[in-house]
Amino acid sequence: MKTTRLASFLLILAALLAPSSVSAVETAAQILSKCAAKVNGAPSLTMQFRLEFNGGHSDCTMTLAKEKYRLSASEMEVWYDGTTQWTYASANKELSITEPTADELLECNPFTILNGFSKIYDCRRLKGPDYEIELTSKVKGSAVRKAVVTINTKTYLPTKLVVTLANGRTFSATVTSSSIGKAVPASTFIYNKAKFPAKEIVDLR
């Protein structure tokens with residue numbers, strides 16, 4: 001009798017615990033939302049990453065604060081204050097000024113793909129030890145066909161991003177280090193002509 005009661009108790013316990021186990025598994029959207037909140041909610045976030053494209057690569061350092069960012073690479077410097085983007089080519093000291101679209105922002109800051117992802121992409125979780133989320137565009141005419149975002153399971157910060165464009169080309173950004181810091185001055189995200197004098201200015205606004 002005691003054995004039967006114990007078995008019944010274990011069956012009831014298993015039935016009660018099963019829904020909790022299922023609900024504890026985070027969906028792709030939940031993981032991406034946490035990642036986006038971590039990135040956009042930080043006073044500042046500095047990431048070092050390797051950008052690989054067209055058979056080449058560039059080692060980059062980027063500081064983000066919500067929608068603003070400052071990117072530094074060997075061949076260029078980029079500032080974006082939320083509206084205007086300044087791109088400084090180190091080789092010829094040419095400065096380009098634009099008010100970029102969402103697709104154009106992706107070229108310099110691939111992590112902008114996290115912003116408003118639910119409106120632009122369908123997402124699903126891939127199998128693997130890390131959080132790997134595949135994003136597939138649901139917007140006609142989007143420059144991005146799909147992307148795979150790898151997210152650290154403890155920090156919820158992105159560690160890798162592989163993007164496939166509509167034309168079939170791909171590029172990737174592999175994060176080598178990331179750290180959340182204090183708030184930085186607004187001037188961090190604005191072009192400094194004294195520090196980076198331009199020989200030619202192309203204003204495309």
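**Entry 1: the core**

I looked up the largest nonpolar core in this predicted model. This core has 42 residues. I noted the residues with the most contacts inside it: Phe49, Tyr69, Leu71, Ile113, Leu114 and Ile151. I then checked which element gives the most to this core, and found helix α2, residues 28–41, with six residues.

There is also a second, separate core. I counted seven residues for it, including Trp79, Trp86, Tyr88 and Ile97.

**Entry 2: around Leu71**

I picked Leu71, one of the residues with the most contacts in the largest core. What does Leu71 touch, leaving out residues up to four places away in sequence? I wrote down Phe49, Cys60, Thr61, Met62, Met76, Glu77, Val78 and Cys108. Phe49 is also listed among the residues with the most contacts inside the core.

**Entry 3: salt bridges**

Side chains of opposite charge can pair when their charged atoms come close. I wanted to know how many salt bridges the model has. The count comes to six.

**Entry 4: Asp122 and Lys138**

Asp122 forms a salt bridge with Lys138, and their closest N and O atoms are 3.9 Å apart. The cut-off for a salt bridge is within 4 Å, so this pair is counted. I located Asp122 in strand β7 (residues 121–126) and Lys138 in the loop between β8 (131–137) and β9 (144–151). Asp122 is partly exposed, with a relative accessible area of 45%. Lys138 is partly exposed too, at 43%.

**Entry 5: Glu134 and Arg124**

Next I took Glu134, which forms a salt bridge with Arg124. Their closest N and O atoms are 2.8 Å apart. Glu134 sits in strand β8 and Arg124 in strand β7, ten residues apart, and the pair links distant parts of the chain. Is Glu134 buried or exposed? I found Glu134 to be buried, with a relative accessible area of 12%. The limit for buried is under 20%, so Glu134 qualifies. Arg124 is partly exposed, at 48%.

**Entry 6: Arg205 and Asp203**

Last, I checked Arg205, which forms a salt bridge with Asp203. The closest N and O atoms of this pair are 2.7 Å apart. Arg205 has a relative accessible area of 54%. Exposed means over 50%, so Arg205 counts as exposed. I noted Asp203 as partly exposed, at 41% relative accessibility.

Conventions:
Residues numbered from 1 in each chain as written. Predicted model: local features only at pLDDT ≥ 70, side-chain atom pairs only at ≥ 80, totals over all residues. Heavy atoms only, no water. Core = buried A, V, L, I, M, F, W, Y, C linked by side-chain atoms within 4.5 Å. Buried < 20%, exposed > 50% of the residue type's maximum accessible area, 1.4 Å probe, protein only. Helix = DSSP H or I, 4+ residues; strand = E, 2+ residues; numbered from the N terminus. Contact = heavy atoms within 4.5 Å. Salt bridge = Lys/Arg side-chain N within 4 Å of Asp/Glu carboxyl O.
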